[in-house]
Amino acid sequence: MKTFEITDDSGFLGILNPHTYISFVDENWQLEQLINHFKHQINNKNLLLWGTGSEGTWRVEVNNKMTERTGFRDIEGIIEVTDNKLCLINYESLTMGAQFSDVILPEDHLKDCIFEISNGLYICRIIQMFEPEESYDDKSEVHFIIEYDLFNGSYHKWNRIPWFESNFN
């Protein structure tokens, strides 16, 4: 188990495979285009992205086993590891990569959000530990838990970005 801290100025967090995630979309991307890009990368098992319900600096615990822990809400998704690492990512970095072809993700300020994991296909469970409408300012509190295990069954494919409401979702 390892705990990370990541900023979020837009209400989104994610996990990406920095080796396979295709970041560039267009220098003048539109929101609908970007959301469709994210969904395509999710379906290609390069990204898991979810809405946080608010902005903040989040403490994210990453656990290499599935547990019975519960929180305010949770969802499972599939991601593939191809270079023995995944990275926590925020919307700000994703949009920088989407707009500028020379931006390599993760950007330098998120290098400490990389975690090592053996290559393979993984089921990831993201647990949001707080109700976004309630107070959660405690710096010692874990806000999100990501649990993962090797994938060996069926899953429900994400056709939208969880916990995010939009006309383009």
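## A buried tryptophan and its ring partners

Trp58 is buried, with a relative accessible area of 0% (buried means under 20% relative accessible area, exposed over 50%, and partly exposed in between, using a 1.4 Å probe and protein chains only). Before going further: this is a predicted model, where local features need pLDDT of at least 70 and side-chain atom pairs count only at pLDDT 80 or more, while totals for chains, interfaces and linings use all residues. Residues are numbered from 1 along each chain as its sequence is written, and side-chain values use heavy atoms, with hydrogens and water left out.

So what does Trp58 pair with? Its six-membered ring and the ring of Phe130 have centres 5.1 Å apart and planes at 20°, so this pair is stacked. For the cut-offs, rings of Phe, Tyr and Trp (its six-membered ring) pair if their centres lie within 6.5 Å; planes under 30 degrees apart count as stacked, over 60 as edge-to-face and the rest as tilted. Trp58 sits in strand 4 (residues 56-63) and Phe130 in the loop between strand 8 and strand 9, so 72 residues separate them and the pair links distant parts of the chain. Strands here are DSSP runs (E, at least two residues) and helices are runs of H or I with at least four, both numbered from the N terminus.

Phe130 is buried as well, at 4% relative accessible area. Phe130 also forms an edge-to-face pair with Phe144, at 5.6 Å centre to centre and 80° between the planes. Phe144 belongs to strand 9 and Phe130 to the loop between strand 8 and strand 9, so this pair ties together parts that are 14 residues apart in sequence. A search of the whole structure finds ten aromatic pairs, and Phe4, Phe115, Tyr122 and Tyr148 form one aromatic cluster.

Five strands make an open sheet with mixed pairing, in the order 1-4-9-8-5. Two strands pair if DSSP finds at least two bridges between them. Strand 1 (2-8) and strand 5 (73-81) are the edge strands, each pairing on one side only. From one strand to the next, the twist averages 25°; the axes behind such angles are lines fitted to C-alpha atoms (for helices, over the stretch in contact), and angles run from 0 to 180 degrees between N-to-C directions.

On the strand 9 side, Ile127 stands opposite Ile145. Strand 8 is also mostly covered, with seven of its nine residues buried.

## Salt bridges

How many salt bridges does the structure hold? There are four, where a salt bridge is a side-chain nitrogen of Lys or Arg within 4 Å of a carboxyl oxygen of Asp or Glu. One of them joins Arg125 and Glu147 at 3.1 Å, N to O. Arg125 is in strand 8 (residues 120-128) and Glu147 in strand 9 (residues 144-150), 22 residues apart, so the pair links distant parts of the chain. Both ends are hidden away: Arg125 is buried at 9% relative accessible area, and Glu147 is buried at 0%. Salt bridges that share partners join Asp74, Arg125 and Glu147 into one network.

Another bridge runs from Arg69 to Glu61, with the closest N and O atoms 2.5 Å apart. Arg69 is partly exposed at 32%, whereas Glu61 is buried at 5%. Lys85 and Asp83 meet at 3.9 Å, N to O; Lys85 is partly exposed at 31%, and Asp83 is partly exposed at 34%.

## The core, and a buried serine

In soluble globular proteins, nonpolar side chains tend to be buried together. The largest nonpolar core here has 44 residues, and those with the most contacts inside it are Ile15, Phe38 and Val60. Such a core is a set of buried Ala, Val, Leu, Ile, Met, Phe, Trp, Tyr and Cys residues joined through side-chain atoms within 4.5 Å. Leaving out residues up to four places away in sequence, Val60 touches Lys2, Thr3, Phe4, Ile6, Leu13, Leu88, Phe144 and Ile146, where contact means heavy atoms within 4.5 Å.

Ser93, in helix 2 (residues 91-99), is buried at 1% relative accessible area. Beyond its neighbours within four places in sequence, Ser93 is in contact with Leu105, Glu107, His109 and Leu110.
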